[in-house]
Amino acid sequence: MAADRRLRVVVTGATGNVGTSVVRALDADESVESVLGIARRLPAIALEKVTWVGLDLSAPDSEGTLRSLLEGADAVVHLAWRFQPTHDPVVTWESNVLGSQRVFSAAAAAGVGTLVHASSVGAYSPGPKTGPGVSEDWPTDGWPGAAYCREKAYLERVLDAYEVSHPEVRVVRMRPGFLFKEEAASEQRRIFGGRFLPGPLIRPDLLPWVPDLEGLRFQALHTDDAARAYVLAVLRDVRGAFNLAAGPVVDAGLLGEQLGSRPVRVPRAAVRAALASAWHARLVPASPDLFDAVLRLPVMSTDRATGELGWQPARTAQEALAAFLRGVRRGRGAPTAPLGGHRIG
């Protein structure tokens, strides 16, 4: 590739939390000539370099279309992911696992040189909650009870084989912690709390305490900071996995500070039982198995992203959480089907 030639990049899942930030970051980068955003439903977003195409990756006949869309691309950033329905894991498997394999196969067939895949901290096996954090060689077997973790871990194994079969493709796996931004708050409220949870209820006078649970320590990151890491992965000659997170590690104390609430020690079993009852009654979409997984996620080290990508988050975990809480209270969203907030219908 000529050093002065600008890149053509394809982004799947381009209308979601990460996707909208990635396409904007690519659109603003001088090294990028054009961006093709692929999503199930087309957005009302106009960007200078971005063209939108509607495609459902879960459709068995989508691979041929994908291959034609990827012809001539220098890189594909694969972000497409369905979190729901949690009561029907076959649907998410068909979209997330089979759809991802179609993207991988189409990229190789179309001669795409770079594949950047959105993995997750959820792919990691249970690990330490303190200390310097696990590096990218920590086992990626996930938590078997949670569909999200099973699917992320399974795709790690798929990519292991893919890299052997297609050494000509530069494969990068991004493993971020929890990603927040104001415009994605309404979507995340629906994913975890359900569409009937009013965002304005999440305020200090109505939440006098937060549960302090054993194992409640996780890492957060502003989505726009993660997007910049994805762009660096496209532009730089790197391979392998990169952990992405901002400090400090989030615990009940930090959540209490953000909400103006007091942490109260609560038995983990009691919270899980209540969540399981609500999930089985279809009152909340977040499954108790995902709750189990979150309490077992390891703390990650981001040394490799700093050293090899030259990446540092511009915002702290507190700032990322504050953006999310601000967005929930205001009903914020963006003009895409996944991110739509109260103000755009």
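The accessible surface of the protein chain comes to about 14800 Å², by the Shrake-Rupley method with a 1.4 Å probe. Carbon and sulfur atoms hold 54% of that surface. The model is predicted: local features need pLDDT of at least 70, side-chain atom pairs count only at pLDDT 80 or more, and totals for chains, interfaces and linings use all residues. Residues are numbered from 1 along each chain as its sequence is written, and side-chain values use heavy atoms, leaving out hydrogens and water.

Overall size comes next. The radius of gyration, taken over C-alpha atoms, is 19 Å. That agrees with a compact globule of 345 residues, which would have a value near 20 Å; the globule rule is 2.2 Å times the number of residues to the power 0.38.

| Property of the protein chain | Value |
|---|---|
| Distance between centres of positive and negative side chains | 6 Å |

The charged set has 39 positive and 37 negative side chains. Lys and Arg count as positive, Asp and Glu as negative; His and the chain ends are not counted. Charges are placed at NZ of Lys, CZ of Arg, CG of Asp or CD of Glu.

Now the interior. Buried residues make up 53% of the 345 residues, where buried means under 20% relative accessible area (1.4 Å probe, protein chains only). The largest nonpolar core has 38 residues. Such a core joins buried Ala, Val, Leu, Ile, Met, Phe, Trp, Tyr and Cys residues through side-chain atoms within 4.5 Å. Val11 and Tyr230 are among those with the most contacts inside it.

Methods
Buried means under 20% relative accessible area, exposed over 50%, partly exposed in between (1.4 Å probe, protein chains only).
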